[in-house]
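Welcome! Take a look at the sequence and the structure, then read on.

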Amino acid sequence: MTTFDSDLLQLLNERGYVHQMTDAEGLDALAARQTVPGYIGFDATAPSLHVGSLVQIMMLRRLQQTGHKPIVVMGGGTTKIGDPSGKDESRKMLTEQDIDDNIAGIRTVFERLLTFGDGPTDAVMVNNDEWLSQLGYIELLRDVGPHFTVNRMLTFDSVKLRLDREQPLTFIEFNYMILQAYDFVELARRYDCQLQLGGSDQWGNIVNGMELGRRMEGRELYGLTTPLLTTADGSKMGKTAAGAVWLNEAQLPAYDFWQFWRNTDDRDVGRFLKLFTDLPLDEIARLEALEGSEINQAKIILADEVTKLVRGEEAAASARATAEQTFAGDGKGEDLPTLAIPAEGMRVGAVLTELGFTASNGEAKRKIAEGAVKLDGETVSDPGFLILADVDAEFRLSLGKKKHAILQSG
């Protein structure tokens, strides 16, 4: 494994965050001799980020842990346009109030994982709408436009893939890469920011920003990307049959968040412990070496540690207690998802889909046919079974061994 002089690159490298760097030697030397302000941008398209963004947030945490300054850039301006990277269709346009509300929700996770303040290594959160909304169109064309050629813009994956699939790419989306590049210039001016971090799909945008900073400001800027994060079975990290794994409690209960990590594939445990926890590497090496049923202990530690970081100590303890009750006790832990059954009752298939245990009623029928669905421990074999909940009554609905919910009268 490559070794670095700076604590920053050594930590990022040994924990598996590094995919590409624009100038590893130059960045290493810079980080070894001074505090480096570095940023990652997050568009505010929802009131919470999901697990797919957690590796980026953790990278900002590593930046701060090694004595550097994290800059969280909320894309209040760029969210009005939408990043075409990896998308086949345009995003829904949000109002300014929607965007402001989303930023307020997203901030809560960063406040758990980073220390904000006015010190040299304290994190700051800024909104790129501050400068993008003040940038006149003629000014943008005159000052920034000459540094981009359409020929080169057409070669970037975010554009090329959309066009190759013959999906429409609006002019406003085509401009996204210019605005993101300009963010780097503005952050360099305002905060002496010298480093942009991001996922591997952002490589082209990061290089654009570096080049624009060099041309407009004569600054030496750096870029670093993380690998595309997939699970051992090849699926995208953070996507499940029930939908996205949200970081905020309002979008996903703590028990479901904890259980997502508890269900990690054996092959991913060591990698995820490195990326998503602060456990020492020697302890991680011990845990990932466990075999057979003992690996489940490593998964429980992974679930505990990530939930503590993202949701807090109390949420992690409560989620774990609920899991223990569910699998070893009466199965009615406090943190299990609950669903109110109306007076007229609900078909069991509709209940499964409403809870997000199945993606459709068709999938629910298949699970019922497989004998995977139980109501208070009894297998349900009829997809048309009507669940009626009396006042003060509670039922436990289970799909397989890992998904459980409490049903109550509405």
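A search of the whole structure finds 19 salt bridges. Please keep in mind that this is a predicted model. The points below look at some of these charged pairs and then turn to a strand and its neighbours.

**A link between distant parts of the chain**

- Arg-61 and Asp-278 form a salt bridge, with 2.6 Å between the closest N and O atoms.
- This pair links distant parts of the chain, as the two residues are 217 residues apart: Arg-61 belongs to helix α3, while Asp-278 is in the loop between α13 (269-276) and α14 (281-288).
- Arg-61 is buried, because its relative accessible area of 14% falls under the 20% cut-off.
- Asp-278, at 30% relative accessibility, counts as partly exposed.

**A helix tied to a loop**

- Another salt bridge joins Arg-311 and Glu-249, whose closest N and O atoms are 2.7 Å apart.
- Arg-311 lies in helix α15 (residues 295-311) and Glu-249 in the loop between β8 (243-244) and α12 (254-262), so this pair ties together parts that are 62 residues apart in sequence.
- Arg-311 is buried, with a relative accessible area of 7%, whereas Glu-249 is partly exposed at 44%.

- Glu-186 is buried, with a relative accessible area of 9%, while Arg-190 counts as partly exposed at 40% relative accessibility.
- Arg-190 and Glu-186 belong to a network of salt bridges that also links Glu-130, Arg-189, Asp-192, Glu-217 and Arg-219.

**Strand β2 and its partners**

- Is strand β2 (residues 37-42) enclosed or open? Five of its six residues are buried, so β2 is largely enclosed by the rest of the structure.
- β2 pairs with strand β3 (residues 69-74) in the parallel sense, over six bridges.
- Within this pairing, Gly-41 has Val-73 of β3 as its bridge partner.
- Strand β5 (residues 195-199) also pairs with β2 in the parallel sense, over two bridges.
- Here, Tyr-39 has Gln-196 of β5 as its bridge partner.
- Together, β2, helix α3 (residues 54-65) and β3 make a right-handed β-α-β unit.
- Helix α3 also holds Arg-61, the residue that is 217 residues apart from Asp-278.

Definitions and conventions
Residues numbered from 1 in each chain as written. Predicted model: local features only at pLDDT ≥ 70, side-chain atom pairs only at ≥ 80, totals over all residues. Heavy atoms only, no water. Buried < 20%, exposed > 50% of the residue type's maximum accessible area, 1.4 Å probe, protein only. Helix = DSSP H or I, 4+ residues; strand = E, 2+ residues; numbered from the N terminus. Pairing = 2+ DSSP bridges. Right-handed = clockwise from strand over helix to strand, strands pointing away. Salt bridge = Lys/Arg side-chain N within 4 Å of Asp/Glu carboxyl O.
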